[in-house]
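Thanks for coming. Please have a look at the sequence and the model on the screen, and then I will go through a few parts of it.

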Amino acid sequence: MQGLVLKDLGRRFGNVDAVKDVNITLQPGEFLSLLGPSGCGKTTTLRMIAGFLAPTSGSILLDGVEVSSPRGSVPPEKRGMSMIFQSYAIWPNMTVLENVAFGLKLRKMDKADVRRRAGEMLEAVRLSHLADRYPSELSGGQQQRVALARALVIRPKLLLLDEPLSNLDASLREDMRFEIKRIHDEFRITSVYVTHDQSEAMVTSDRIAVINHGKVEQIDTPYEIYTRPTTRFVAGFIGRTNQITGTRRAGQVDFTGFALPLSLFTGTEPEVFISIRPQSLHLSATEPVTDDLFKLRGKISARAFLGETWDYVFRTDSGLELRIVARPHQIYQLGDDVWATASQDQIVQIH
Ligand code: ATP
């Protein structure tokens with residue numbers, strides 16, 4: 001079987017489960033992000049994939065071959081992978097071209113091929129014009145592109161990226177996300193990207209594994225993760241949302257100041273949690289004529305103009321507060337009486 005398989009993967013440090021029962025299968029060419037807060041186990045997972053750290057349970061298979069398990073591990077240099085870190089780790093005494101060519105020379109490729117392949121790679125990362133410069137003469141973003149070119153030129157089976165953009169300033173980071181995506185689309189190297197930045201994960205990835213306390217909470221496409229979060233943690237970690245808690249009763253679920261039919265919900269637990277994104281709520285000054293089950297009356301209790309949107313806080317008499325994002329022309333004043341509605345498909349049950 002091709003690709004990368006993490007099977008019941010776990011790593012304990014003393015009595016702490018840094019990584020627990022992780023099951024992920026990456027198709028060849030897929031780009032997966034491991035996304036989660038500090039200390040959730042992303043780096044530990046990546047280090048096990050790289051072979052720097054042995055698992056305490058489970059195993060890792062690369063192209064059908066077991067490379068890591070508590071019984072033993074294939075050393076990192078024999079895994080056919082490249083790794084990129086936040087520090088660019090390119091050689092300061094070599095030019096850009098020499099840096100990129102180095103891995104090929106080590107593989108004893110003949111000179112003309114080395115020159116051609118390194119040249120092509122520099123073109124792919126748009127650095128051909130800087131081939132003769134030294135790293136100290138490059139910007140941070142350019143250095144990270146050299147690192148990317150150097151990692152990809154050997155055509156690894158697997159590319160591992162550990163927060164590669166965290167040393168760059170905000171606008172460069174944004175450009176580089178698209179750059180990484182473009183380069184991945186061109187070379188389709190199976191890639192695992194560790195980040196705590198949800199935008200980075202969303203731009204670059206085919207799928208995202210959201211990790212919390214060493215476990216995968218949800219693994220899916222960026223679109224599904226955002227629109228259909230399955231847990232309270234994922235709903236809160238990816239983008240902003242309104243999380244509302246209700247109580248299951250006969251025939252309905254009671255929330256603060258409103259109720260929804262029980263038939264909308266799965267499970268049997270007494271508490272029911274829902275997530276409604278701020279931009280899924282619609283504001284109107286008059287009572288809207290709608291079949292929407294979610295229709296509440298309240299007031300604007302805070303507002304901020306952010307240029308592309310208005311950010312409102314809507315508050316009902318029962319004390320329920322909701323964040324609502326509206327278009328710039330939808331102007332309400334503090335204290336305005338308004339209605340907030342959401343269609344049923346925008347109300348997501350989370351667990
Ligand atoms: P960050 O984003 O801050 O790098 P992370 O998600 O990569 O965090 P890990 O570095 O994988 O998290 O750490 C996961 C957990 O394992 C943490 O609680 C950490 O303290 C613990 N841990 C990691 N390495 C070791 C170690 N060598 N010895 C003991 N505990 C460790």
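L4 stands opposite L62, a residue of strand β4. This is a predicted model, where local features need pLDDT of at least 70, side-chain atom pairs count only at pLDDT 80 or more, and totals for chains, interfaces and linings use all residues. Residues are numbered from 1 along each chain as its sequence is written, and side-chain values use heavy atoms, with hydrogens and water left out.

Back to the strands. Strand β1 covers residues 4-13 and β4 covers residues 57-62; they run antiparallel, joined by 5 bridges. Strands here are DSSP runs of E with at least two residues, helices are runs of H or I with at least four, and both are numbered from the N terminus. Two strands pair if DSSP finds at least two bridges between them.

β4 also pairs with strand β5, residues 65-69, in the antiparallel sense over 3 bridges. There, L62 stands opposite V65. The two strands form a hairpin with 2 residues between them, and D63 in the turn has a positive phi of about 50°.

Now the ligand. Which residues are around the ligand? They are F13, A18, P37, S38, G39, C40, G41, K42, T43 and T44, counted when one of their heavy atoms lies within 4 Å. Helix α1, residues 42-50, gives the largest share of this shell, with 3 residues.

A backbone N or O atom of G39 is 2.7 Å from a ligand oxygen atom. For a backbone N or O atom of G41 the distance to an oxygen atom of the ligand is 3.0 Å. In K42, an N or O atom of the side chain lies 2.8 Å from a ligand oxygen atom. The ligand taken alone exposes 640 Å², and the protein buries 57% of that, by the Shrake-Rupley method with a 1.4 Å probe.

Last, strand β12, residues 242-248. With β13, β12 forms a hairpin with 3 residues between them, and G251 in the turn has a positive phi of about 80°.

Conventions: A polar contact is a pair of N or O atoms within 3.5 Å; within protein, one must be able to donate a hydrogen and the other to accept it, and residues adjacent in sequence count only if both atoms are side-chain atoms.
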